[in-house]
Amino acid sequence: DAGVTQSPTHLIKTRGQQVTLRCSPKSGHDTVSWYQQALGQGPQFIFQYYEEEERQRGNFPDRFSGHQFPNYSSELNVNALLLGDSALYLCASSLLGFQPQHFGDGTRLSIL
Amino acid sequence: DQQVKQNSPSLSVQEGRISILNCDYTNSMFDYFLWYKKYPAEGPTFLISISSIKDKNEDGRFTVFLNKSAKHLSLHIVPSQPGDSAVYFCAASLDSNYQLIWGAGTKLIIKP
């Protein structure tokens, strides 16, 4: 039974570019959440998707957008990349209304 | 505004002894608390949780205590083992559907 999978593992971009990160949830899960983890800090909630709709959103600008597909997989898109966007991006899945969330190993994004 | 705080960046414990990791929160509306463990280059792994209606939850070597009046929770690991060396995160939620709010983590080092 595959857990949460994320791709790519690592990514290097330059300022101003756009990036798409991908996530496949754990089998049986219908809800996907995205988190940003800066070095030395805890994860910060970006947004959550359920039934292809954004249910909740953290304090992140509109440059951060997402999508959920009918098979429950999800994408995180970041436009106009800034140096401060360099972080580990974590995807978590769960069943709506249930904890805990299960995490993937993340995508390490570096902005040059 | 840091709603969940882990004031000890690191903790060193002798193998076989008890490890106690602490977490404080400011929002009395938090309803659900979780502890996650994270190894380098891996995503967070769920350890144990507790609902606000309880003051203790135990799972094998791991016990979480919740003191609502002090807005404090702690994770006890007994006995500590070398494989417990990792970063431990405390997280809180308003309810099972809501986003997780995370502390900055405590790095636990188990000495042989």
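This is a predicted model: local features need pLDDT of at least 70, side-chain atom pairs count only at pLDDT 80 or more; totals for chains, interfaces and linings use all residues.
View 1. Leaving aside residues up to four places away in sequence, Ala86(B) is in contact with Lys37(B), Lys38(B), Tyr39(B), Thr106(B), Lys107(B) and Leu108(B).

**View 2. The largest nonpolar core, with 24 residues.** The members that touch the most others are Phe33(B), Trp35(B), Leu73(B), Leu75(B) and Tyr88(B). Elements of chain B giving two or more residues to this core include β4 (32–38), β8 (72–77) and β11 (106–111). Strand β9(B) supplies the largest share, four residues.

**View 3. Contacts of Leu73(B).** Beyond residues up to four places away in sequence, Leu73(B) touches, among others, Leu21(B), Cys23(B), Phe33(B), Trp35(B), Val64(B) and Cys90(B). Another core, of 20 residues, lies apart from the largest one and has Val4(A), Cys23(A), Leu76(A) and Ile111(A) among its residues.

**View 4. An open four-stranded sheet in chain A.** The strand order is β1-β3-β8-β7, and the pairing is antiparallel. Strands β1 (5–7) and β7 (64–68) of chain A form the edges, each pairing on one side only. On average, neighbouring strands are turned by 20° against each other, direction ignored.

**View 5. Pairing of strands β3 and β8 of chain A.** Residues 19–24 and residues 74–78 pair in the antiparallel sense over five bridges. Val19(A) has Val78(A) as its bridge partner in β8(A).

Note on methods
Residues are numbered from 1 along each chain as its sequence is written. Chains are lettered from A and ligands numbered from 1 in the order in which they are written. Side-chain values use heavy atoms; hydrogens and water are left out. Contact means heavy atoms within 4.5 Å. A nonpolar core is a set of buried Ala, Val, Leu, Ile, Met, Phe, Trp, Tyr and Cys residues joined through side-chain atoms within 4.5 Å. Buried means under 20% relative accessible area, exposed over 50%, partly exposed in between (1.4 Å probe, protein chains only). Two strands pair if DSSP finds at least two bridges between them. Axes are lines fitted to C-alpha atoms, for helices over the stretch in contact, and angles run from 0 to 180 degrees between N-to-C directions.
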